[in-house]
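Notes below, in the order I looked things up.

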Amino acid sequence: MITICPATEAHLDDLVPLVDGYRQFYRQPGDVDGARRFMNERFAKGDAHVLLALDEDDRAVGFAQLFPVPSTTGLASRWILNDLFVMPDARCRGAGSALLEASRELARQHGVAQLMLRTQVENATAKARYHALGWQRDEAFDTYLLAV
C-alpha cells in the first residue's frame, strides 16, 4: 500500500536521495549536497508543492514536485508537475500513479485549472501511465530551451 503525504523540511533526509536519483535518471551526475541545497531552498522560499510516496514500511519511495505559474492565456494559475520519480525497486507498485493522482487532487484543492508536465521523448513507460490517467499530449506547442 502506498501513502502520499506533503513533504516538509522534516522529510529532507528521505527526499534528498529521491531527488538525486531523479537527477541521475536524467543523466545528471550524482550530487547529494546539491540536491539537499536545492530542496532546502524550495522549502525556505515556499515556491513548490512537494509530495512524498511512502510504502507499507513508511520508506520514502517516490516524490512529485509541482511549481505554480500564472497562465495569461488561461487567465488562471497552472501548475507544472516538474519532477516525478519512483525508486527503481518500488516501480510497478502504484507509487507513480498515486503521486499523479495526489498531484491532481492537490491542484483541485487549490483551484488550479490545469497541470502540465514534460517527459523525455523515449520515456514510453511514463507516457503510457500519463495517458492511462487522462493526461493528453499537447500537439499545439513545441518546447524550446535556451541556455543563459
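Started with the lining of the largest pocket: β4 gives the most to it, with eight residues. Keep in mind that this is a predicted model.

Next I checked who else contributes. Besides β4, I found α1 (12-25), α3, β5 and α4 (124-132) each supplying at least two residues of that lining. The volume came out at about 2000 Å³. I counted 50 lining residues, and Leu117, Arg118, Thr119, Tyr130 and Trp135 lie nearest the centre. By class, the lining splits into 23 nonpolar, 14 polar and 13 charged residues.

Then the second largest pocket, which holds about 230 Å³ of space. It is lined by 15 residues, with Pro6, His49, Val50, Leu51 and Leu106 closest to its centre. I noted β1 (3-6), α2 (32-45), β2 (49-54) and α3 as the elements giving two or more residues each. Here α3 gives the most, with four residues. The lining has ten nonpolar, three polar and two charged residues.

Back to β4, to see what it pairs with. Strand β3 (residues 60-71) pairs with β4 (residues 76-86) in the antiparallel sense, over ten bridges.

On to β5 (residues 114-116), which runs parallel to β4 and is joined to it by three bridges. Ile80 has Met116 in β5 as its bridge partner. Last entry: β4, helix α3 (residues 95-109) and β5 make a right-handed β-α-β unit.

Methods: Residues numbered from 1 in each chain as written. Predicted model: local features only at pLDDT ≥ 70, side-chain atom pairs only at ≥ 80, totals over all residues. Heavy atoms only, no water. Pairing = 2+ DSSP bridges. Right-handed = clockwise from strand over helix to strand, strands pointing away. 1 Å grid on protein atoms, 1.4 Å probe; cavity = no way out; pocket = protein on both sides within 12 Å on 5 of 7 lines; lining within 4 Å. Points joined across faces, edges and corners; volume = space filled by probe spheres on them. Nonpolar A, V, L, I, M, F, W, Y, C, P; charged D, E, K, R; others polar.
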